[in-house]
Every structure is written in structure tokens, then in C-alpha cells.
Amino acid sequence: MMYLEQPPKLVRTRLFSAMPEEFRRRGVRSVWADANKGGAPVDCFIEGPAFDRDGNLYIVDIPFGRIFRISSDGAWSLVVEYDGWPNGLKIARDGRILVADYLNGLMEVDLQAGAIRPLLRHRNSESFKGCNDLHIASNGDIYFTDQGQTGLHDATGRVYRLRADGRLECLIANGPSPNGLVLDREEAVLFVAMTRDNSVWRVPLTNDGGVAKVGRFHTFFGTSGPDGLALDTNGRLFVAHASLGHVFVLQANGECVARVKSCAGPACTNVARNAANDTLAITESSTGSVLVADIAHV
């Protein structure tokens with residue numbers, strides 16, 4: 001990782017909670033695993049961590065269409081199971097739970113009914129390639145990635161903004177596997193993980209609603225690439241890397257100042273910051289584990 005003066009500080013993780021055996025689908029074949037894991041069986045593949053106001057952690061299980069809630073003491077409960085591949089999950093300021101679903105587009109969870117309903121299924125009657133992750137701006141605009149099976153061989157992944165008034169705008173149409181995304185503190189720049197480009201793109205937002213001078217903010221290596229993103233109050237970017245077993249901490253200039261090392265497997269797919277105690281929650285998907293790290297002094 002690129003740094004200028006000091007090598008990145010090492011931050012250790014610990015296991016917070018792993019998916020209980022009762023929820024693991026051992027020996028069950030899934031179409032998702034056939035396409036994305038070379039047919040290798042998976043008993044779960046967790047992603048999309050997000051904390052609610054009470055400190056509960058919500059996560060998704062992509063291949064089996066499930067959303068779970070994990071209490072602060074590590075107990076798991078099933079929120080909803082449905083016909084879909086939920087990937088990214090975020091909780092809005094008003095408590096709504098929104099999901100980027102690879103099969104169904106943008107979805108909204110009804111906690112009281114234990115159900116999920118579509119929010120946005122297509123653009124101009126054309127289906128999405130496969131929605132991956134989302135970020136909710138302070139004004140209610142939803143930024144989301146449409147990744148599908150894109151990569152360097154097919155750089156047609158898209159990044160959209162769904163305005164609070166319902167307008168849908170395509171900000172990027174040439175992304176090689178757009179994945180996690182987050183706005184900076186001023187909401188003037190959008191950071192997007194381009195997984196198969198093994199980099200994070202910096203996307204300045206213009207006053208007229210478009211983008212300009214998009215560039216690579218940081219470049220990585222590995223068999224996969226950067227996945228979920230999060231930002232802290234100091235403007236540092238936390239980048240979960242899906243094959244290197246780390247979350248990398250980048251300063252505003254793109255310099256890597258810390259690396260949060262997985263104590264489980266290498267597939268750090270996403271990350272969420274718990275502002276209540278200044279810790280980081282990381283989904284490690286190869287083992288179905290949620291890891292935590294103290295980041296107060298990073």
C-alpha cells in the first residue's frame with residue numbers, strides 16, 4: 001500500500017459473532033454460488049453491515065436471500081427471507097432499511113411485517129445489471145452501484161443517484177465492477193470501489209448535478225479488490241478488501257495510514273463504523289464471521 005513517511009499502523013481485530021450453525025445452509029446448492037464461486041458450495045455469504053440507533057447490527061446473506069439482525073451481545077435473529085440476492089444494506093436517518101439487491105434492484109424492508117418490497121426495479125423499463133451497494137446522502141438522495149458481472153473486460157458498470165424526488169441519474173457508465181461507495185463529509189465527492197480495477201475512484205460532484213475529473217484515488221492488488229467503504233468523522237476512508245484480509249485506512253490525500261487485519265479469513269467484504277463506541281464492524285464472508293476493531297486511536 002502506498003504511504004509517504006511511516007508504514008501503515010497495524011490494527012488487530014477480534015471475533016464479535018459468527019453465523020450460528022442453525023442458520024448455515026450446509027450442502028445446499030445456490031445459483032449465486034454457481035455463478036460467483038465457480039460452483040463451490042457456500043453455507044452463507046454475509047455482507048452489507050449497518051448499525052441501527054439501538055446498536056443492533058444488520059447484515060445480509062446474499063445466496064440465500066436473508067437479512068439478519070445481530071444484537072449487541074452477538075445473538076442472531078432472522079428478519080426476512082425472500083427470493084432475492086441482497087448485497088448492500090443501509091439504514092436511513094428515519095429508520096428505513098434499504099437494500100441493494102442483485103436480482104430485484106433497490107428494496108425496502110418492512111420490519112413490522114417481516115417483509116421486503118421493491119423500491120426501484122429498473123431504469124426506463126430496462127433491468128439493472130445487478131445492484132451491489134448503496135449510500136444515503138443527508139438530503140435523502142440514494143447513490144447505488146449497478147455492478148453485474150462487469151470488469152476490465154466489460155467496463156460498463158454504472159453508478160446511479162436516485163434523487164429524493166424520484167429522478168434517477170446515471171453518474172458513471174464505464175465502471176469496471178463498481179461496488180461499495182460513500183460520500184465525503186462535505187458530500188462534494190463520491191468514492192467508489194471499482195473491484196476488478198483493484199482501485200477506489202474519486203468522483204467529484206458538480207453543481208449542475210453531474211461529475212467531472214473522475215480519477216483513481218488509491219490502487220490495490222490481489223485476486224479480488226476493494227469492496228465496501230466507510231468514512232469516519234475525520235474524513236478517513238475505510239476500504240474493505242475482498243481478497244487481502246484487511247480493511248485499509250486512507251487519509252484525505254489517499255495515503256494508507258493503517259491496516260485493520262482480519263483474525264478470520266481473507267474475504268473482508270464490507271465495513272461499518274459504530275459511532276457509539278468508535279469501533280469498526282467487518283463482514284468476513286468466507287467464514288461467515290463479523291469482526292470488530294477499535295479505531296479510536298488509529
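This is a predicted model: local features need pLDDT of at least 70, side-chain atom pairs count only at pLDDT 80 or more; totals for chains, interfaces and linings use all residues.
## Cysteines

A search of the whole structure finds zero disulfides. C256 is in none. The cysteine sulfur nearest to that of C256 belongs to C268, 13 Å away.

Are C256 and C268 buried or exposed? C256 has 0% relative accessibility, so C256 counts as buried. C268 is buried as well, with a relative accessible area of 0%. The cut-off for buried is under 20% relative accessible area.

## The four-stranded sheet

Four strands form an open sheet. Their order is β13-β14-β15-β16, and the pairing is antiparallel. Strands of a sheet pair through backbone hydrogen bonds, in either a parallel or an antiparallel way.

Which strands lie at the edges? They are β13, residues 131–136, and β16, residues 168–175. Each of these edge strands pairs on one side only. From one strand to the next, the twist averages 20°.

## Inside the sheet: β14 and β15

Strand β14 spans residues 142–146, and strand β15 spans residues 157–162. The two run antiparallel. How many bridges join β14 to β15? There are five.

One residue pair can be picked out by name. D146 stands opposite R158, a residue of β15.

Notes. Residues are numbered from 1 along each chain as its sequence is written. Side-chain values use heavy atoms; hydrogens and water are left out. A disulfide is a pair of cysteine sulfur atoms within 2.5 Å. Buried means under 20% relative accessible area, exposed over 50%, partly exposed in between (1.4 Å probe, protein chains only). Two strands pair if DSSP finds at least two bridges between them. Axes are lines fitted to C-alpha atoms, for helices over the stretch in contact, and angles run from 0 to 180 degrees between N-to-C directions.
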